[in-house]
Amino acid sequence: MPVHPLVGHLDARQQLARAFRTARLPQVLVLTGPAGIGKQRLGLWLAALVFCAETGDEPCGRCPACRAVDGLVHPDLHWFIPIPRPKAADREKQVEEAEEALAQVLAERRAATLYPAPDPMASHGLASVRLLQRRAVLTPVLGRRKVFLLGEADRLVVQEASQEAANALLKLLEEPPADSLFVLTTVDARRLLPTIRSRAVPLRVNRLSEEEVAQVLRAGGRPTPTEEGLRERVALAEGSVGAALAQDEAAGAAYDAAREMLEAVLAGQAGLPARMERALRQTPWAARGEFTAMLDALADTLSEAARAAVGEAPRRPLPEGLRNRRDAAALVRAIERVAGAREAAAGNVNPQILLATLGEELAEVL
Ligand SMILES: [Zn+2]
């Protein structure tokens, strides 16, 4: 699957295209701006512009070079993404491991064009920088240039060997090979090593508009079933697709917890205490927001079951025991119980106790 089309960032695109067409594009560029707004996607766009067979202000999207960038298979595009630290002791093996890890991440990104933020522990370690050095001296395969996209470039500083990695990269950025363009991205240029920052020309990338976030979510195959839901989600995302995706993950966890609870309730009196206990244990309510999100997911799942009970198609998968209910009235009573718990949750009530009570109430009405 090709990466989703670049949405928004028109000012940045114009500036970059103008600089490129007049041969004033800096060789080391750092795109800065909030997390999840598409800085690396913009970097891919710039790579396509540089490689494109046409000479417009946008990559044509049709030539072999553009298509190869969109498919993340262009041999002169080197996308470095933070990866877990290699385990091998041998340096050569570490580089191989880094290469494999990067190939793996790229394969994932080909499969799912919108991706969550990398693991907080992932970084650009010495092995990645070594790999980058090796690729930097290669002759371009298809065209006349190579593009190095270094996402979350500030993650270069989280390892003990970071000084060596930083120095190696610095050397490369001080005298970049003439056929190479380096595009770094970071949330805040001040997080970059000062020596690296001083060699990179910054370009500020802004938040997306709500409509643009919605467009990216649709284009990336992560739409929201209802228009109202989409609007809510986009409003909370504050111009960041990444923030919308993080919401998805949190919502996913809330729905998992809700399903676990409903399954415990539906398993019946005999199994209830043990299963409830497990459901409760599995859900560390780190924040009150998570607890209310779980109650909302519970109410939503029950109302989808009620839709199914009156013959409409549910908009999300239902737990086994709720799939073929015909008693919409019982489901509505269950939703009322959840709404009651939701109100109580606003006060200073222990979530575990509230949930245990709610479980008993639901078992009665369902
Ligand atoms: Zn093209």
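Helix H8 (210–219) and helix H10 (241–266) are among the elements that cover the buried residues of helix H9. Covering here rests on contact, meaning heavy atoms within 4.5 Å. Buried means under 20% relative accessible area, exposed means over 50%, and partly exposed lies in between (1.4 Å probe, protein chains only). Helices (H or I, at least four residues) and strands (E, at least two) are DSSP runs, numbered from the N terminus.

This is a predicted model, in which local features need pLDDT of at least 70, side-chain atom pairs count only at pLDDT 80 or more, and totals for chains, interfaces and linings use all residues. Residues are numbered from 1 along each chain as its sequence is written, and side-chain values use heavy atoms, with hydrogens and water left out.

- Which residues of H9 (residues 227–237) are buried? They are Gly229, Leu230, Arg233, Val234 and Ala237.
- These residues cover an arc of only 125° around the axis, which puts them on the same side of H9. The arc is that of the directions from the helix axis to the C-beta atoms.
- On the other side of H9, the exposed residues are Glu228, Arg231, Glu232 and Leu236.
- An α-helix has 3.6 residues a turn, so residues three or four places apart point the same way.
- Val213, Ala214, Val216 and Leu217 are buried in H8. Their arc around the axis is only 160°, which puts them on the same side of H8.
- The buried residues of H8 pack against H9 and H10.
- Glu238 follows H9 and has a positive phi, near 50°. Gly221 follows H8, and its phi is positive too, near 75°.

**The zinc site**

- What coordinates the zinc ion? Cys52 (SG), Cys60 (SG), Cys63 (SG) and Cys66 (SG) do, at 2.3 to 2.4 Å.
- Donors are N, O and S atoms within 2.8 Å of the metal (3.2 Å for Na, K and Ca); water is not among the atoms, so sites may look incomplete.
- The 4 donor atoms subtend angles of 104 to 117° around the zinc ion, which makes the arrangement tetrahedral. Four donors count as tetrahedral if all angles lie between 85 and 135 degrees.
- Ideal angles at a metal are 109.5 degrees for four tetrahedral donors.
- Along the chain, the donors of the zinc ion follow the spacing C-x7-C-x2-C-x2-C.
- Cys63 and Cys66 are both buried.

- Val187 sits in the loop between strand E4 (180–186) and helix H7 (194–197). Val187 is partly exposed, because its relative accessible area is 34%.
- Val187 and Ala35 are 152 residues apart along the chain, yet their C-alpha atoms are separated by 5.8 Å.
- Leaving out residues up to four places away in sequence, Val187 touches Gly33, Pro34, Ala35, Lys39 and Asp154.
- Arg325 belongs to the loop between helix H12 (288–309) and helix H13 (328–346). Is Arg325 buried or exposed? Arg325 is buried, because its relative accessible area is 13%.
- The side chain of Arg325 makes a polar contact with the side chain of Asp327, at 3.1 Å. A polar contact is a pair of N or O atoms within 3.5 Å; within protein, one must be able to donate a hydrogen and the other to accept it, and residues adjacent in sequence count only if both atoms are side-chain atoms.
- Arg325 also touches Leu266, Ala309, Ala330, Leu331 and Leu366, again not counting residues up to four places away in sequence.

**Positive phi in loops**

- Leu72 has a positive phi, near 55°, and is not a glycine. Leu72 lies in the loop between helix H3 (64–70) and strand E2 (77–80). Leu72 counts as buried, because its relative accessibility is 7%.
- Glu152 is not a glycine either, and its phi is positive, about 45°. Its loop runs between strand E3 (146–150) and helix H6 (162–174). Glu152 is partly exposed, with a relative accessible area of 21%.

**The whole protein**

- The protein has 14 helices and 5 strands.
- Of its 366 residues, 48% are buried.
- Its C-alpha atoms fill a box of roughly 75 × 45 × 35 Å, taken along the principal axes.
- Among contacts with a separation of 6 or more, 73% join residues 24 or more positions apart.

Notes. Tetrahedral: all angles 85-135°; square planar, octahedral: opposite > 155°, others 65-115°.
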